[in-house]
Amino acid sequence: MSKGVDVELAIGIDLGTTNSCVAVWKHNRIEIITNDQGNRTTPSCVAFTDSQCLVGDGAKNQIAKNPANTIFNAKRLIGRRFSEATVQKDIKLLPFRVIEGPNDVPKVMVTHKGNEQQFSMEAISSMVLTKMKEVAEAYIGETVKNAVITVPAYFNDGQRQATKDAATIAGVNVLRMINEPTAAAIAYGIDNMLGLTGKRNVLIFDLGGGTFDVSLLTIDEVGAFEVKAVASDTHLGGDDFDNKMVNYCCDDFKKKWNIDLAGKKRVLGRLKAACEKAKRTLSYSSRASIELDLLHKGIDFSIEITRAKFEELNMSYFTKCIEQVKTCLADANIMKGGVDEVILVGGSTRIPKIQRMLQEFFHGKEPCKTINPDEAVAYGAGVLAAKLRGATSKMVKELVLFDVIPLSVGVETDGEVMTVVIPKNTPIPTKRMMEFVTTKKKQTSMDVIVYQGERSKSTDNYLLGSFTISGIPPAPKGVSVVEDCFEIDDNGNLTVTAKVLSTGKTEKLTVTNICGRLSKKEIDKMMEDAEKFKLEDQEYKRRAEAYNALEDCVYQVKKKIKSNDMSPDHLKNIQYVVEDAMEWRSNSKVAAVHEIERKKEYLEFVSGLSFPD
């Protein structure tokens, strides 16, 4: 296979909360690939019906009539624990059912083909990734196996691993995971490389449907991208703005009719869709109307929301965004005036108030809007995918990426204290060592419990895994020394090695199947299920095409009856066959493809439209 073709087999996927986007390096440039509906982004939405599973535009288009079985926002739940406060808060406003699975993992319960089924967030996300893979394959004309997939900068190890598991289920080999704001910075840098002189400090403000990231990077004219600091909230975005409006509408409905809409899944689903539409309207208009016929118990609901009211409802969220910007600048040790460019990424950055607050914060500096906020992340991922597959273009070849770890990594010490070994915003790859002494007399083993996060109490952070180093020579308390070595590679993979200094004995970290991670058996089962869904969908498509062909044949025969002279007996015979075919069609919703085709062939034979070989 030639190198040029090999490059095309690596794609960049922005797996978004609300929408996803896919890009590929082709014709010596990045192409954002349109889906089968002609759209450059695809809703991250999966719907289950009585006959099939829909992904993307088809799923979103039927959400109003099938809210309980249409899943969205999987990214806000993937890799999280069901018991988390943010998860519990979210599921109260979701129109579909979220239940607690094994190991405190959230799962969705849907009705599909008349049966109740459970799906993990990894399985739902894998369906979206499969859709994006198919979109790319339709454009490229070849099977795609390799991809760079983007994630929020502050996704912890469990959320990243869960996303990788979703890719595995979808049959996608993850070349690398890249933080979303870093990918957006690559898009900006590639677009502006020719005009760059010296270094530029670029702040990426990435506010999407469910997550918020802000990153400070330094970009130079030779293609080096160095991440200085990241700050983030993996549970803040347009979805939260919608929910504030939903709550406002529910309060208004209760005041007018004394009826509480809490827990009314279908009602909340319709209301949320209307609020999202109103939010978009308020980005270019000063007011928007929400009007829903027969919202609940035969009551029509209507309300007008002004842009000022929308801003008032969400001001606490907007302020949190600016606070994260301050944190990022402080961590990068850069003053406001040292920022050369502020880049807006994510659909929620279209909100006028957010743009104004950012401009005011940076003393009147207008944010850059030269890159498409919906496509920049996929664009950057596509560039990195091309580089990793050996693209020869100068601007891709010279790309050098220096990233940082978004969250601190450390070990638990006495009293459940989080002792940080590698602080957040440390450039990677990196290697750090720290020595620990025994805490008991004649201690012969030591537990190494590894956490990730910024909390002082170890158990308030995310557990990465644990192992035990044994064979420590018995000695008084505080005499024997164990050295822990933490090593993070370019892809953010962590290896922890413990070494007894007096003997040289070592042990490495073994990550257990903790919350948010799937076992190989579970992944294999989901891959089987994914293939089953694929085959079922293909069969559904073939059946639909066969039914359409039969109906077209009936139409053609009816036309022939009207336009041709024939004997009464022949006419009667054809009419009987046509009526029989129509009755059979109405009563046979799930007939096999070969039965439908045989019915059509018989109708063609009797009518004389065509003859079998």
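User: Is D104 buried or exposed?

Analyst: A residue is called buried under 20% relative accessible area, exposed over 50% and partly exposed in between, using a 1.4 Å probe and protein chains only. D104 has 17% relative accessibility, so D104 counts as buried. One caution on sources: this is a predicted model, where local features need pLDDT of at least 70, side-chain atom pairs count only at pLDDT 80 or more, and totals for chains, interfaces and linings use all residues. Residues are numbered from 1 along each chain as its sequence is written, and side-chain values use heavy atoms, with hydrogens and water left out.

User: Where does D104 lie, and what is its phi?

Analyst: Most residues other than glycine have a negative phi. D104 has a positive one, near 65°. D104 sits in the loop between strand 8 (97-100) and strand 9 (106-112). Strands (E, at least two residues) and helices (H or I, at least four) are DSSP runs, numbered from the N terminus.

User: And K297: buried or exposed?

Analyst: K297 is exposed, at a relative accessible area of 65%. Phi of K297 is positive too, near 50°, and K297 belongs to the loop between strand 16 (287-296) and strand 17 (299-306).

User: Which peptide bond is cis?

Analyst: In general, most peptide bonds are trans. Here the bond from I428 to P429 is cis, with omega near 5°. P429 is in the loop between strand 22 (427-428) and strand 23 (430-437).

User: What is the order of strands in the open sheet of 3 strands?

Analyst: Two strands pair if DSSP finds at least two bridges between them. In this open sheet the order is 6-5-7, with antiparallel pairing. Strand 6 (53-55) and strand 7 (70-71) are the edge strands, each pairing on one side only. Strand 5 (residues 46-48) is joined to strand 6 by 3 bridges, and F48 has C53 of strand 6 as its bridge partner.

User: Which helix packs on the sheet?

Analyst: Contact means heavy atoms within 4.5 Å; axes are lines fitted to C-alpha atoms, for helices over the stretch in contact, and angles run from 0 to 180 degrees between N-to-C directions. Helix 4 (residues 121-140) packs there, touching strand 5, strand 6 and strand 7, and its direction makes about 110° with that of strand 5.

User: How many helices and strands does the protein chain have?

Analyst: The chain has 15 helices and 28 strands. Of its 613 residues, 53% are buried, and the C-alpha trace spans about 110 × 55 × 55 Å along its principal axes.
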